[in-house]
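Subject: Structure handover and notes

Hello,

Here is the structure we talked about passing on. My notes follow it.

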Amino acid sequence: MCLSVPMRIVSIEGLSARCEARGAERVASLWLLQDEALQPGDHVLVHLGQAVRKVDAVEAAASWALFDELLAALAPPSAGA
């Protein structure tokens, strides 16, 4: 299964972007999106260090909501339950 993570661009230098999501920062290549007009504040899907698609903030938030549901479903039961 392939998984891409929505991240917000913090800064851009050439074809590299420093991206942030939930406190984690990564550098992602913008090579695949070099024809897009990207700027800090934009959201991109990052897969294996590559920004693969620009998304809007609503789609990024929806993806994180789905990830939260999946993680909650996979979490072990709490000790008090």
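A residue is called buried below if its relative accessible area is under 20%, exposed if over 50% and partly exposed in between, using a 1.4 Å probe and protein chains only. This is a predicted model, so local features need pLDDT of at least 70 and side-chain atom pairs count only at pLDDT 80 or more, while totals for chains, interfaces and linings use all residues. Residues are numbered from 1 along each chain as its sequence is written, and side-chain values use heavy atoms, with hydrogens and water left out.

D42

By that cut-off D42 is buried, because its relative accessible area is 14%. D42 sits in the loop between β3 (24-29) and β4 (43-47); strands are DSSP runs of E with at least two residues, helices are runs of H or I with at least four, and both are numbered from the N terminus. A polar atom of the D42 side chain lies 2.9 Å from the backbone nitrogen of Q39. Apart from neighbours within four places in sequence, D42 is in contact (heavy atoms within 4.5 Å) with M7, R8, I9, A37 and K54.

Strand β4 runs antiparallel to β5 (residues 50-55), and 5 bridges join them; strands count as paired if DSSP finds at least two bridges between them. H43 has V55 in β5 as its bridge partner. The two strands, β4 and β5, form a hairpin with 2 residues between them, and L48 in the turn has a positive phi of about 50°.

Nonpolar core

A nonpolar core here is a set of buried Ala, Val, Leu, Ile, Met, Phe, Trp, Tyr and Cys residues joined through side-chain atoms within 4.5 Å. The largest one has 12 residues: M7, I9, A17, C19, A21, A28, L30, L33, L38, V44, V46 and A51. Two or more residues of this core come from each of β1 (5-13), β2 and β4. The most, 3 residues, come from β2. Leaving aside neighbours within four places in sequence, L33 is in contact with L38, V44, A51, V52, R53 and K54.

Salt bridges

There are 5 salt bridges in the structure, each being a side-chain nitrogen of Lys or Arg within 4 Å of a carboxyl oxygen of Asp or Glu. Among them is the one between D68 and R22, at 2.7 Å from N to O. D68 lies in helix α1 (residues 57-74) and R22 in the loop between β2 (16-21) and β3, so this pair ties together parts that are 46 residues apart in sequence. D68 counts as partly exposed at 34% relative accessibility, whereas R22 counts as exposed at 52%.

Another joins E25 and R18, at 2.9 Å from N to O. E25 is partly exposed at 42%, and R18 is partly exposed at 34%. R53 and E59 also form a salt bridge, with their closest N and O atoms 2.7 Å apart. R53 is partly exposed at 39%, and E59 is partly exposed at 31%.

Aromatic pair

The whole structure contains 1 aromatic pair. The ring centres of W64 and F67 are 5.3 Å apart and the planes are at 80°, so the pair is edge-to-face. For Phe, Tyr and Trp (its six-membered ring), rings pair if their centres lie within 6.5 Å; planes under 30 degrees apart are stacked, over 60 edge-to-face and the rest tilted. Both W64 and F67 are in helix α1, 3 residues apart, which is about one turn of the helix. F67 counts as buried at 16% relative accessibility.

Regards

Methods: Polar contact = N/O pair within 3.5 Å; in protein donor to acceptor, adjacent residues only side chain to side chain.
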